[in-house]
Amino acid sequence: MSNTPSIVRTVEKLGRVSIPIEIRERFDLLGKNHVEMSLEGDTIVLTKQTPGCLFCGADSNTETYRGKMICRECLDKLSKKTGDVSGK
Ligand SMILES: [Zn+2]
């Protein structure tokens, strides 16, 4: 985004920062969306979270665990894998 002007915002007391409308429109963040914050060196990266299974992207039959979505099918495969203590 080096060709777009940077926008300065104030971080409020409780850590809130509002995302400018230009950015929200561009990334379709106009409804109630989840964003993920991560660090890349000294930079804070904000990534739009798309609803869907963390592993396969399925958007139906999902459950949330620790803020991540996972579908029943992947959950079953995962539990079978972790349930297999023989190391096979
Ligand atoms: Zn899945």
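Visitor: Hi! What makes a residue buried, exposed or partly exposed here?
Guide: A residue is buried if 20 or more other C-beta atoms lie within 10 Å of its own, exposed if 12 or fewer, and partly exposed in between, with the C-beta atoms placed from the backbone. Keep in mind that this is a predicted model, where local features need pLDDT of at least 70, side-chain atom pairs count only at pLDDT 80 or more, and totals for chains, interfaces and linings use all residues. Residues are numbered from 1 along each chain as its sequence is written.

Visitor: Okay, so is Ile44 buried or exposed?
Guide: Ile44 is exposed, because 9 other C-beta atoms lie within 10 Å.

Visitor: And where is Ile44 found?
Guide: Ile44 sits in strand 2, which covers residues 43–49. Strands (E, at least two residues) and helices (H or I, at least four) are DSSP runs, numbered from the N terminus.

Visitor: Which residues is Ile44 in contact with?
Guide: Leaving aside neighbours within four places in sequence, Ile44 is in contact with Met37 and Leu39. Being in contact takes C-beta atoms, placed from the backbone, that lie within 7 Å.

Visitor: In what sense do strand 1 and strand 2 pair?
Guide: Strand 1 (residues 34–40) and strand 2 pair in the antiparallel sense, over 7 bridges. To count as a pair, two strands need at least two bridges found by DSSP. One example is Val35, whose bridge partner in strand 2 is Lys48.

Visitor: What about the hairpin of those two strands?
Guide: The hairpin of strand 1 and strand 2 has 2 residues between the strands, and Gly41 takes a positive phi near 65 degrees there.

Visitor: Let's zoom out. What pattern does the chain follow?
Guide: Along the sequence the pattern is α-β-β-β-β-α, with 2 helices and 4 strands in the chain. Of its 88 residues, 3% count as buried.

Visitor: How far apart are its end C-alpha atoms?
Guide: Helix 2 (residues 72–83) has end C-alpha atoms 16 Å apart, which agrees with the 16 Å its 12 residues should span at 1.5 Å a residue. That expected span is 1.5 Å times one less than the number of residues.

Visitor: And Glu73?
Guide: Glu73 has its place in helix 2 and counts as partly exposed, with 14 C-beta neighbours inside 10 Å. The C-alpha atoms of Glu73 and Cys53 are separated by 9.7 Å, with the two residues 20 apart along the chain.

Key:
Two residues are in contact if their C-beta atoms, placed from the backbone, lie within 7 Å.
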